[in-house]
Amino acid sequence: MRLLTRARLQARKAPRAKRTADFDRAVAEFFMRLALEEAAKGLGRTSPNPVVGAVLVKRGRIIARGYHRRAGTAHAEVVALEAAGSKARGADLYTTLEPCDHYGRTPPCSQAILDAGVRRVFTGSSDPNPKVNGKGVARLRRAGVEVVTGVLKEDADRLNRPFFKAMSTGLPYVTLKAAVTLDGKLATATGDSRWVTGEAAREQVHRLRDQVDVILVGANTVRKDNPQLTTRLPDGNGKDPVRVVVDSHLSLSPKLTVFTQRSPARTVVATLEDPTGRKAKRFAALGVDIWQLPAKGERVDLAALMRRIAKEGLNHVLVEGGAEMYGSFLREELADELLLFVAPKLIGSEGLSWTGSLGVKQMARALSVGKLSYEQVGEDLLIRAQLSAPR
């Protein structure tokens, strides 16, 4: 079936689809969804750049697709244009982010679009980068190219929340992920936590690891669970994130798996200790990076650690434990998103709570969350929430 036919069928099903003299919005949204699917292929691989997807369409048929694979390689628009060759002339380009208009590691996409003779450009998000921020759209319009902005903007923005936050605040986007029982426990009183959730939920966690830049845990989690902190997908094609262990006083043994397990990704210990000291050298000998950070009380200042991570060009941090670490991120308002995998199990009051202390003494001071959603994952329930500051 021709894609235009499919798009028109979708347009007829869409409630109150808006039509203008120039384009059918339902058709534009159909092709933008395909561009978003392309963009998602780059998740976890493009930092410090955003993820971007592009689709070239001519007479209702897709002639090329592309996505940004990693920083320093061709942008999505250029990948699609090169794949289309001379067929790009007179085509419509759907791109999830406005085209860049400056020379960085690669030439500006706006000029490549003009050189290819593209007829119209549809964009999803605006780019907050001051080097872009409307300049690419302006160049195209000055040259007579019709540009339609804001197509599926909310979906496009959601895909690049880590990039947008890093660009605007100098901090990475932080997701807290925990696997808990129905009564909110991470583990039994003895510390046993294998396994709280089922196989389907654990596989989804590995897919999440594949799409983030950093996985971060505290020293207690490493000491108790001895995790690998790698991505293990059924097809074996997962990407390991940078592994960051917060060990304020270098109390962990360098013989633990996270330090000895070979991975293409870096392993980092965030600490207060001197990186040239005897304890630090034991880790450095294994190829572990030692980041000495400022103190907050007796522990690593997590805000300083987040700034360091962002400066390393890493936009998305996944925090996987433990309770003290979750509590610290929540108290210091450093987390953006919460993912709770809830298992249909009960442990009781003697179990270990997943948050640690939040210091809430009045219900009116409870930490509020927003945009709550849920989905079934195997036998477990995944609850998603956006985090907001306490009232």
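## Strands E1 and E3

The model we are looking at here is a predicted one. Strand E1, residues 53-58, and strand E3, residues 92-97, run antiparallel and are joined by 4 bridges.

## The sheet around them

Zooming out, E1 and E3 belong to an open sheet of 5 strands, ordered E2-E1-E3-E4-E5, and the pairing is mixed. Strand E2 (61-67) and strand E5 (146-148) each have a single partner strand, so they stand at the edges, with one side of each left without a neighbour in the sheet. On average, neighbouring strands of this sheet are turned by 20° against each other, with direction ignored.

Helix H3, residues 76-84, lies across E1, E2 and E3 and runs at about 135° to E2.

## The second largest pocket

By residue class, the lining divides into 14 nonpolar, 11 polar and 10 charged residues.

Which elements supply at least two residues each to this lining? Among the helices, they are H6 (153-159), H7 (161-169) and H8 (199-210). Strands E15 (337-343), E17 (369-377) and E18 (380-387) each supply at least two residues as well.

Notes:
Residues are numbered from 1 along each chain as its sequence is written. This is a predicted model: local features need pLDDT of at least 70, side-chain atom pairs count only at pLDDT 80 or more; totals for chains, interfaces and linings use all residues. Side-chain values use heavy atoms; hydrogens and water are left out. Ala, Val, Leu, Ile, Met, Phe, Trp, Tyr, Cys and Pro count as nonpolar, Asp, Glu, Lys and Arg as charged, and the others, Gly among them, as polar. Two strands pair if DSSP finds at least two bridges between them. Axes are lines fitted to C-alpha atoms, for helices over the stretch in contact, and angles run from 0 to 180 degrees between N-to-C directions. Contact means heavy atoms within 4.5 Å.
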